[in-house]
Amino acid sequence: MREWKRFFAYVIPAVLAFALSGVYAIVDGYFVGNRVGDIGISTINIAYPITALIQAAGTGIGMGGAVHYSISRAEGKEEKAREFTASTLWMLLIASVLLTVGVFLFMTPLLKALGAEGEILKLGEEYIRIIALGAGLQLIGTGLVPLIRNNGGSLVAMIAMVTGFVTNIILDYLFVWVCNGSTAGAAWATVAGQGAAMCIGIGYLLYKKQITFRISAEKMGRAAKTIIKIGLAPFGLALTPNFSLILINRFSVMYGGEQAVAVYACISYIITIVYLILQGVGDGIQPLMSEYYGAKKTRELHMANSFAYGFAVILSAVSMVLLYMFREETGVLFGASGPVIRETAEVFPIFLLAVPFIAVNRVATASFYATERSAFSYILTYAEPVLMLILMLILPPLSGGQMMIWWSAALARILSAVAAVILKYYTVKCGSL
């Protein structure tokens, strides 16, 4: 019973925190869409992968450091654990500077590569220019979350996300609707919300006396390599919905035009929350899995693994039912036009079919990087976008056009889950998780 309480104490706050992180894009899309219309929805949808890249970098660095922090503490190596904390904080600061400069300088070619042109490009530049200026707040705020969670602060991580979310909503209303700030107003609201979340995270780590930058250059180099090795998987996992977003947008422009892009914008705003909730299960259980792995508690590790799968599948089933029931209201929520609303309702069930498979994939990937099985986590993380690209190159020209774009996305996720089951069966057969 005690272990079940621990599972829920870690997982529930993480699920809620991840859900709210996905709502940032929805909030921007809701306010901009209802103020500007279809072109506003499309702009946020096309530009958001750049914002997601910044947040994913923070997630990758933070999770890479947090996994090794937990394992080192479980092994009784407190000094090594503090070195991973210091390395993580330094890497977050360095990455913040690099991404701020990089995104600001290259935002126009990045937006064009994502499919932006004409008015969408103009509005996208207004949005990303401000996102770039606040990149440090987003990256550090996101990167601190795994450290907070691995220091027993799952509830604090959730509170930080709630604070950021509420701040974002209030400022979106003021900047976009009251002050007619369009996409620029939405960007300022997003940056401010992430900044509020970051302040709470820093406060908690200061309270726990976990803020330290003391580490030699030699140790920093070794720790950074280890952090990156683990962090590449959660980095990719955080970006996977956006890889999909980029591919679907690019191919939809070819086969379905602006209306297809707007349709997927409405779907992606909602379905991404489900993906993040399922990732929250895996990342929420990660501190316990890393702890049990480091302490060599095999029975508890098996229990945590089984719990994560069961809980993720239940959440996916509930999500499917609810989203199917309200599929016809999805386009209405974002102020879409009549044709976009109707097509969104027709297409949504295709994406819902893949949700249980995504649950399996997300938990399996998290279980692999939580226990230092980096190679398997890489395979599962990057298989989905690769499969999606292959299917989109093959299926639409043969039959169905835009409809096969939708089906290619679902099939790629199903095949990725099959790969997860095979890899998990292999590890169990070999006597490990």
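These legends accompany a set of views of one predicted model.

View 1. Taken along the principal axes, the C-alpha atoms fill a box of roughly 60 × 45 × 40 Å. The radius of gyration is 21 Å, which agrees with the value near 22 Å that a compact globule of 433 residues would have. Look also at how the chain folds back on itself: of the contacts with a separation of 6 or more, 84% join residues 24 or more positions apart.

**View 2. The surface and its charges.** About 16,600 Å² of the chain is accessible surface, and carbon and sulfur atoms hold 69% of that area. Buried residues, for their part, make up 61% of the 433 residues. The side chains include 30 positive and 23 negative ones, with the centres of the two sets 12 Å apart.

**View 3. The largest nonpolar core.** This core holds 127 residues. The members that touch the most others are Tyr127, Ile128, Leu144, Ile248, Val281, Ile285 and Trp406. Helix H9 (residues 257-294) gives the core its largest share, with 21 residues. Elsewhere, a second, separate core has eight residues, among them Ile71, Leu237, Ala366 and Tyr369.

**View 4. A close look at Trp406.** Setting aside neighbours within four places in sequence, Trp406 is in contact with Ile248, Ser252, Ala260, Val263, Tyr264, Glu343, Val347, Ile350 and Phe351.

**View 5. Thr85 in helix H3.** Threonine 85 sits in helix H3, which spans residues 78-113. Is this threonine buried or exposed? Its relative accessible area is 3%, so Thr85 counts as buried, the cut-off being under 20%. Beyond residues up to four places away in sequence, Thr85 touches Tyr69, Gln210 and Thr212.

**View 6. Ala354 in a loop between two helices.** Alanine 354 belongs to the loop that links helix H12 (338-352) and helix H13 (355-370). Which residues does Ala354 contact, leaving aside neighbours within four places in sequence? The partners are Ala410 and Arg413. The view also takes in Ala412, which is 58 residues from Ala354 along the chain, with 8.8 Å between their C-alpha atoms.

Methods:
Residues numbered from 1 in each chain as written. Predicted model: local features only at pLDDT ≥ 70, side-chain atom pairs only at ≥ 80, totals over all residues. Heavy atoms only, no water. Rg over C-alpha atoms; globule rule 2.2 N^0.38 Å. Buried < 20%, exposed > 50% of the residue type's maximum accessible area, 1.4 Å probe, protein only. Contact = heavy atoms within 4.5 Å. Areas by Shrake-Rupley, 256 points an atom, 1.4 Å probe, with all protein chains shown as cover. Lys, Arg positive; Asp, Glu negative; His and termini not counted. Charge placed at Lys NZ, Arg CZ, Asp CG, Glu CD. Core = buried A, V, L, I, M, F, W, Y, C linked by side-chain atoms within 4.5 Å. Helix = DSSP H or I, 4+ residues; strand = E, 2+ residues; numbered from the N terminus.
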